[in-house]
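Student: Could you take me through the reading of a model of this kind, feature by feature, with the general idea before each case?

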Amino acid sequence: MEGQLKLEAPPDLTSWSLTMRHCGLKDTDSAEAVLMRSLPEVESSVDVSPDERETLEELMRDYGFRGGKVRVPLADVDWTLTETLCEMEAHVGDALVQEQGCGRIWQLVAAGASQAEVVALGGIAQICMALTAHAGYEGVVAMACGALWSLAVGSPEIQMSICKAGGSEEVCMGMAVHFGSAEVQRNGCGALWSLSFNSESKLCVARTATARICTALKLHSSDLEVQMVGCGALACFCAVPEGRQCASEQSGLRAVLDAMAFHSPIAVVQAQVCAALSRLTCDDPQNRDAAVAAGALEGLAYVMDDHLEDCSVQEQACAAVRSIACDAKHYSLIVDRGLVARVVAAAEAHIASPGVQRQSLALFRNLAAVETGGFLEEGCITRICAALRAHGSDSAVQLQGCAVLRSLGCSIEDREAVAKAGGIELVCRALEQHPEDADLQYEGCAALHNLSCNHLNLSLICAAGGLECIQRALERHTKSGPVQAAGQLALERLQLWAN
């Protein structure tokens with residue numbers, strides 16, 4: 001395919017399999033051939049967490065909104081916003097006017113015009129009317145999708161208004177009609193991406209939107225912008241069961257892995273690819289198995305090596321490894337492919353990034369729940385404590401850090417290593433700084449209990465104020481069963497030693 005990149009295996013990997021050959025394709029296969037292949041049906045009930053939502057929306061802003069790295073059209077007219085909407089209303093049947101008007105709205109919003117003003121003046125209705133009246137006109141559809149893309153970013157109210165006006169369905173219809181147009185597919189995926197950040201609007205069109213996005217990815221595999229925006233949109237829609245189900249039916253996983261292979265040098269594409277892979281495999285055993293069998297771990301290793309300095313790529317790659325690590329049977333492959341060492345390197349290189357730290361700690365937490373005592377050679381304990389030390393105010397980082405230290409506390413060897421790295425003091429600090437977070441209080445109390453099983457750690461815990469932290473947790477969270485159970489066990493052990 002034109003523009004396709006030829007990849008070579010990284011020197012430290014012997015089974016690089018994210019090539020056309022591993023996908024069952026030949027060099028002469030057309031993009032349409034991929035449409036005939038599908039993955040098993042799967043279901044999932046996982047939605048995007050607040051932290052993941054913030055990260056994905058930030059990526060969308062960086063790469064798609066107000067111009068960014070995606071082209072904003074240069075309209076052929078210099079109308080004001082009011083003039084633009086008047087012209088569109090007066091010439092509903094004129095496709096050229098509608099194309100120019102939608103392009104001008106996109107341009108004005110990209111230049112800083114108020115999204116709310118566009119909506120107040122009836123902009124959404126005019127754009128949707130243009131899509132309805134000129135569904136067969138490629139230029140109108142492309143510009144209208146772009147205008148909706150920019151209008152919807154960052155505003156749940158506008159996203160819902162577009163959905164209620166039928167904008168989501170019109171975008172999907174336009175993408176279906178103009179499946180061969182890269183511009184329509186790119187702008188359509190962008191509009192759907194923006195709309196996906198409203199849970200209600202996302203659910204309205206999850207299956208249809210996911211199908212359109214998967215088709216765009218497969219038919220335009222060599223187009224960087226379609227791949228970038230499409231994978232970003234797919235990541236969001238795969239956060240709901242309907243979207244993930246449809247992605248499986250439409251070979252979405254294969255399209256994502258193809259994008260990982262074909263565009264591996266392009267960081268902005270890989271950030272979205274890894275985000276999509278993370279959402280496709282999160283809490284989904286069948287997709288995890290399919291991804292591992294297709295070489296996703298090798299691909300992630302390649303991407304992480306190639307883009308070590310890119311924070312967004314590393315964060316999303318860590319998230320994808322984390323999702324795959326939810327299955328114990330993949331633990332050995334993750335270690336064998338060097339993914340644990342690469343996540344450690346990412347955490348070290350991006351110590352200032354709470355997102356990278358959250359995802360790396362979550363991976364260590366998953367692996368620690370499978371098998372403790374296996375991290376010392378990879379430097380995980382050092383990185384865990386460094387993350388807790390650097391992000392004391394981030395409750396999500398602290399929660400994941402306390403959780404993994406709790407699991408490591410089950411290992412005789414790791415209890416001592418955690419204490420030497422300052423882990424006990426860091427757990428106590430987390431309990432002090434986040435007293436209202438019941439989940440964190442539970443993990444922290446459980447971690448102190450497990451670590452106290454080493455008698456040498458008992459004095460360290462008391463010296464760090466651990467006894468007082470546990471007592472405050474018990475007093476504050478009287479209705480939390482987990483906090484009470486973990487806190488009482490830890491308290492009994494410490495009080496027995498103290499007396």
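**Core, helix and charge pairs**

Tutor: The largest nonpolar core, where a core is a set of buried Ala, Val, Leu, Ile, Met, Phe, Trp, Tyr and Cys residues joined through side-chain atoms within 4.5 Å, has 143 residues, and those with the most contacts inside it are Ile 105, Leu 234, Leu 277, Leu 300 and Phe 364. Helix 6 (residues 138–152) supplies the largest share of this core, eleven residues. Buried means under 20% relative accessible area, exposed over 50%, and partly exposed in between, with a 1.4 Å probe and protein chains only. This is a predicted model, in which local features need pLDDT of at least 70 and side-chain atom pairs count only at pLDDT 80 or more, while totals for chains, interfaces and linings use all residues. Residues are numbered from 1 along each chain as its sequence is written, and side-chain values use heavy atoms, with hydrogens and water left out.

Student: Which residues is Leu 234 in contact with, leaving aside its neighbours within four places in sequence?

Tutor: Contact means heavy atoms within 4.5 Å, and on that reading the partners of Leu 234 include Thr 210, Ile 213, Cys 214, Leu 217, Ala 247 and Leu 280.

Student: How many residues of helix 18 are buried?

Tutor: Helices are DSSP runs of H or I with at least four residues, numbered from the N terminus. Twelve of the 14 residues of helix 18 are buried, so this helix is largely enclosed by the rest of the structure; among them are Val 313, Cys 318 and Ile 324.

Student: What is the closest N and O distance in the salt bridge of Arg 358 with Asp 394?

Tutor: Side chains of opposite charge can pair when their charged atoms come close. A salt bridge is a side-chain nitrogen of Lys or Arg within 4 Å of a carboxyl oxygen of Asp or Glu, and by this rule the count comes to twelve. For Arg 358 and Asp 394 the closest N and O atoms are 2.9 Å apart. Arg 358 is buried, with a relative accessible area of 15%, and Asp 394 also counts as buried, at 15%.

Student: Where do Arg 365 and Glu 443 lie?

Tutor: These two form a salt bridge, the closest N and O atoms of Arg 365 and Glu 443 being 3.2 Å apart. Arg 365 lies in helix 21 and Glu 443 in helix 26 (residues 438–451), so the pair ties together parts that are 78 residues apart in sequence.

Notes. Helix = DSSP H or I, 4+ residues; strand = E, 2+ residues; numbered from the N terminus.
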